[in-house]
Amino acid sequence: QVQQVESGGGLVQAGGSLRLSCAVSGSIFSINDMGWYRQAPGKQRKLVTTITSGTTTYYADSVKGRFTISKDNAKNTVYLQMNNLKPEDTGVYYCNFIPSRAWGQGTQVTVSS
C-alpha cells in the first residue's frame, strides 16, 4: 500500500522560509510524477507544484520564484523549499502522485503577518 508522510510544517513570520519533506513508501517512486498541494482554510485543495519522473517542474503563478520542488529517488522523498513566505501561503500542505491517490495527513504551514 502506497503511503505519503509529510513533515516540516510550522509557524513562521512573513518573509521566512520552511522546507517540507514527503517520504513515500510502497511504490516505485522514481517513475512517478509527484506534486505538492495546498488546502487553505475554508478552501478547496489546490495543486501548487509538480515534478515529473524526469525532474521537469511546474509551479503555480502564486508561488513561482519563491518555492522549489525537488526529489531524492534514493530516499523516496520529495521536498518543497518555501522562501519569502506570505500569509496567503497558510494552509495544510499535502504531497501526492500525479494523478492523485490516497491522501496523507498533510503538514500545517502558518505564516503570520
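View 1. Six strands form an open sheet in the order β2-β10-β9-β4-β5-β6, with mixed pairing, where strands are DSSP runs (E, at least two residues) numbered from the N terminus and two strands pair if DSSP finds at least two bridges between them. Strands β2 (10–13) and β6 (57–59) stand at the edges with a single partner strand each, so one side of each is left without a neighbour in the sheet. From one strand to the next the twist averages 30°, with axes taken as lines fitted to C-alpha atoms and angles running from 0 to 180 degrees between N-to-C directions.

**View 2. Strand β9 and its two antiparallel partners.** Strand β4 (residues 34–39) is joined to β9 by six bridges, and the two run antiparallel; here Arg38 stands opposite Tyr93 in β9. Three bridges join β9 to strand β10 (residues 107–112), again antiparallel, and Tyr93 stands opposite Thr107 in β10. Seven of the seven residues of β9 (residues 91–97) are buried, so this strand is largely enclosed by the rest of the structure; buried means under 20% relative accessible area (1.4 Å probe, protein chains only).

**View 3. The parallel pair of β2 and β10.** Strands β2 and β10 pair in the parallel sense over four bridges, and Val12 has Val111 in β10 as its bridge partner.

**Notes.** Residues are numbered from 1 along each chain as its sequence is written. In this predicted model local features need pLDDT of at least 70, side-chain atom pairs count only at pLDDT 80 or more, and totals for chains, interfaces and linings use all residues, while side-chain values use heavy atoms, with hydrogens and water left out.

Technical notes: Buried < 20%, exposed > 50% of the residue type's maximum accessible area, 1.4 Å probe, protein only.
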